[in-house]
Amino acid sequence: MSETIKRSGNLIIVSGPSGAGKSALVGSVLKLVSRVRFSVSYTTRAPRGTETDGVEYFFVDRAEFESLIGSDSFLEWAEVHGNLYGTSKAFVEDLMMQGYDVLLDIDVQGAGIIRKKRPDAIAVFILPPSFDVLQSRLVHRSLDTETVVEQRLKRACNEISHYKEYDYLVINEDLGSAIRELESIIVGARCRTAARVESVKSILATFGGMDAEGS
Ligand code: 5GP
């Protein structure tokens, strides 16, 4: 029996301050774990470096973003560093219905909204090993100006204060270990009893008509 066609996917929220290594972690896990997809958010911020429309984000202007808010197209949206970011309802739901686990790289505000709407979502916080390491990562990746780096560091302190609202905490000191931890969280979530109800029904049927509720 193939479980892949019987399960609807999990929603996995990944948050953490800029420079905590979320993108590298998420990118590796997407390559290593089967049936996981990334939720491509909409944003009003300009593309950075080699970012491509439809891959890292859907890049839109403020008017288009506001019209998407008006048509209730977002599962959540928030203003981060002066730009708008939003998770597309249709994008996420289509993938989950196809049985994919969907990884959401979103900030703490968005995570709070999704957790209220979807209590079954699994929330993971990525923490850098120290402030100094975070600062040095932000300076060395040199994607941002000095002022932007300062803003991101200030915001990092606020974001980190929310870590207790998350189900799992990954400390990204060594990327390899952090990848293995995130991978384990995703695979472990698939084994939760509630996530396996559909598979269980057909297994129990082979045991002579027991139902999934256990009677
Ligand atoms: P960046 O501009 O560095 O790609 O992302 C800035 C912040 O926005 C990150 O903390 C990222 O997690 C967050 N973010 C990205 N997409 C979304 C989204 O759809 N919703 C929310 N609430 N935050 C997002």
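Buried here means under 20% relative accessible area, exposed means over 50%, and partly exposed covers what lies in between (1.4 Å probe, protein chains only). In this predicted model, local features need pLDDT of at least 70 and side-chain atom pairs count only at pLDDT 80 or more, while totals for chains, interfaces and linings use all residues. Residues are numbered from 1 along each chain as its sequence is written, and side-chain values use heavy atoms, with hydrogens and water left out.

**View A. The ring pair F58 and F91 is edge-to-face.** Rings of Phe, Tyr and Trp (its six-membered ring) pair if their centres lie within 6.5 Å; planes under 30 degrees apart are stacked, over 60 edge-to-face, and the rest tilted. That rule gives eight aromatic pairs. For F58 and F91, the ring centres are 5.9 Å apart and the planes meet at 75°, so the pair counts as edge-to-face. F58 belongs to strand β4 (residues 57-59) and F91 to helix α3 (residues 89-97), so the pair ties together parts 33 residues apart in sequence. Helices (H or I, at least four residues) and strands (E, at least two) are DSSP runs, numbered from the N terminus.

**View B. Ring pairs build a cluster.** Y42, F58, F65, F74, W77 and F91 are the residues linked in this way.

**View C. The charged end of R35 sits over the ring of Y100.** Its distance from the ring centre is 4.7 Å. The term requires NZ of Lys or CZ of Arg within 6 Å of the ring centre and within 35 degrees of the ring normal.

**View D. R152 is a buried residue of helix α6.** Its relative accessibility is 9%. Leaving aside neighbours within four places in sequence, R152 is in contact (heavy atoms within 4.5 Å) with S18, R48, H81, L138, R141 and D144.

**View E. Residues 1-6 have pLDDT below 50.** pLDDT is the predictor's confidence in each residue, from 0 to 100. The chain averages 91, and 93% of the residues score at least 70. Over residues 1-6, where the value is below 50, the model has eleven contacts beyond near neighbours in sequence. A friendly reminder: where pLDDT is low, the predicted coordinates should not be read in detail.
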